[in-house]
Amino acid sequence: MSDGGLVGPDDGVPCMWMRGGTSKGGYFLAGDLPEDRDSFLLRVMGSPDPRQIDGMGGADPLTSKIAVVTRSERPGVDVDYLFLQVFVDQPIVTDAQNCGNILAGVGPFAIERGLIKAREGESEVRIFMENTGQIATARVSTPNGRVSYSGVARIDGVPGTAAPVPITFADTAGSSCGALLPTGNAIDVIDGVECTLIDNGMPCVVMRAADLGIEGTETPEALEANAALREKLEAIRLTAGPMMNLGDVTKKSVPKMTMVSPARAAGAISTRTFIPHKCHDAIGVLGAVSVATACLLPEGPAAEIAVIPKGGEKLISVEHPTGEMTVIVTVKNGEVTNAAVLRTARKLFDGRVFG
């Protein structure tokens, strides 16, 4: 491990590039990053530049992400994970949100870096998410005591198959906003649009697609080209930020803006999400958890549209532009106690990256 304070401009920094879920980015040990961390990461990604031509970023928020991992000193926790979103076309690195997709690679990375010892067959990794102060448990395939990325699990938005990485979340309600419903309401009206302001791991504003003048079946490209829609969504977002205890969100990547409509493919609900200025090709893991939870409220845009299965453990299929994400939600005494999702991850390269 290099000395984080003595990294020169021509010295590479140890880094593993990984796909986590439907996102992709650089995974670093905290001690390997230089003191000018944010400036270094902007150079690594090639930001700000729409093409990120001078860096590793893929010209998309979903491929301009960073995981910073360290061995945890917390009781019952294996590693601490800090997620950083590197903006593509602005010189911004923010820790204002979490990322459940990049989270999928944290367990494998921690084992590969020797932060924890793998068990035979499958290894459970307890991860403290620094952005929100919550804990997730990931199960990593480790035959013969080594991480395996090969398997038969398939997730929408990623071609082919890989080893499954089931992730369970608990006690995520209000992790960023202080409460599941930060205003205390299932419905708030902003600029004439009924919204559910919710945070079950990811702050989201949930609205009916029809109330924004769209069908909810449009492609992300078509929605991004709709200037009036984008202007309306941003006006609602800027108003919602302080209402959700997030303050001025002008330069923040939260809350996410999710428009819901009836499911088209036998799921519970259909979504289109801006993150916040670009339309997601899918939906974020914790965003899906928040939307699935909104479906279970007694009222609200999602609750009024969603088709909810019976039983205490509910499999809620959240449809998105490239498929669906199933969130397994456990409900006891009317309260959501935990949620689980299936993700996959793959190591792309392991070496040194230059800033």
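The legends below accompany close-up views of a predicted model.

**Figure 1. Overall fold of the predicted chain.** The secondary structure consists of 7 helices and 16 strands. The radius of gyration is 20 Å, close to the 20 Å that the globule rule gives for 355 residues, so the chain is as compact as a globular protein of that length. Along the principal axes, the C-alpha atoms fill a box of roughly 55 × 45 × 35 Å. Of the 355 residues, 55% are buried.

**Figure 2. The largest nonpolar core and the surroundings of Tyr81.** In soluble globular proteins, nonpolar side chains tend to be buried together. Here the largest nonpolar core contains 82 residues, and Tyr81 and Met207 have the most contacts inside it. Helix H6 (residues 285-295) gives the most to this core, namely 8 residues. Another core, of 17 residues, lies apart from the largest one and includes Cys15, Ile66, Leu82 and Val353. When neighbours within four places in sequence are left aside, the contacts of Tyr81 include Ala67 and Val68. Further contacts of Tyr81 are made with Asn98, Cys99, Ile102, Leu103 and Val106, and also with Ile127, Phe128, Met129, Glu130 and Asn131.

Figure 3. Most residues other than glycine have a negative phi, and most peptide bonds are trans. The bond from Ser47 to Pro48 is cis, with omega near 5 degrees. Pro48 belongs to the loop between helix H1 (37-45) and strand E3 (65-71). A cis peptide bond also joins Ile275 and Pro276, where omega is about 0 degrees. Pro276 is placed in the loop between strand E13 (269-274) and H6.

**Figure 4. Asparagine residues with positive phi.** Asn144 is not a glycine, yet its phi is positive, at about 60 degrees. The loop that holds Asn144 runs between strand E7 (134-142) and strand E8 (164-170). Asn144 is exposed, with a relative accessible area of 68%. Asn245 likewise has a positive phi, near 65 degrees, in a residue other than glycine. Asn245 is found in the loop between helix H5 (227-243) and strand E12 (256-261).

Figure 5. Rolling a probe the size of a water molecule over the atoms shows where empty space is left. A search of the whole structure finds 1 cavity of 30 Å³ or more. The space in the largest cavity amounts to about 50 Å³. Its lining is formed by Pro108, Val140, Ser141, Val147, Ser148, Tyr149, Ala163, Pro164, Val165 and Ala345. E7 and E8 are the elements that give two or more residues to this lining. By class, the lining of the largest cavity has 8 nonpolar and 2 polar residues, and no charged ones.

**Figure 6. The largest pocket.** This pocket has a volume of about 550 Å³. Strand E4 (79-86), helix H2 (100-103), E12 and H6 each supply at least two residues of the lining. H6 provides the largest share, 3 residues. The lining of the largest pocket divides into 15 nonpolar, 13 polar and 7 charged residues.

**Figure 7. The second largest pocket.** About 310 Å³ of space lies in the second largest pocket. Of the 20 residues that line the second largest pocket, Leu180, Thr293, Gly334, Glu335 and Val336 are the closest to its centre. The elements that contribute two or more residues to this lining are E8, H6 and strand E16 (335-353). E16 accounts for the largest share, with 5 residues. In terms of class, the lining of the second largest pocket has 11 nonpolar, 6 polar and 3 charged residues.

Note on methods. Residues numbered from 1 in each chain as written. Predicted model: local features only at pLDDT ≥ 70, side-chain atom pairs only at ≥ 80, totals over all residues. Heavy atoms only, no water. Core = buried A, V, L, I, M, F, W, Y, C linked by side-chain atoms within 4.5 Å. Buried < 20%, exposed > 50% of the residue type's maximum accessible area, 1.4 Å probe, protein only. Helix = DSSP H or I, 4+ residues; strand = E, 2+ residues; numbered from the N terminus. Contact = heavy atoms within 4.5 Å. 1 Å grid on protein atoms, 1.4 Å probe; cavity = no way out; pocket = protein on both sides within 12 Å on 5 of 7 lines; lining within 4 Å. Points joined across faces, edges and corners; volume = space filled by probe spheres on them. Nonpolar A, V, L, I, M, F, W, Y, C, P; charged D, E, K, R; others polar. Rg over C-alpha atoms; globule rule 2.2 N^0.38 Å.
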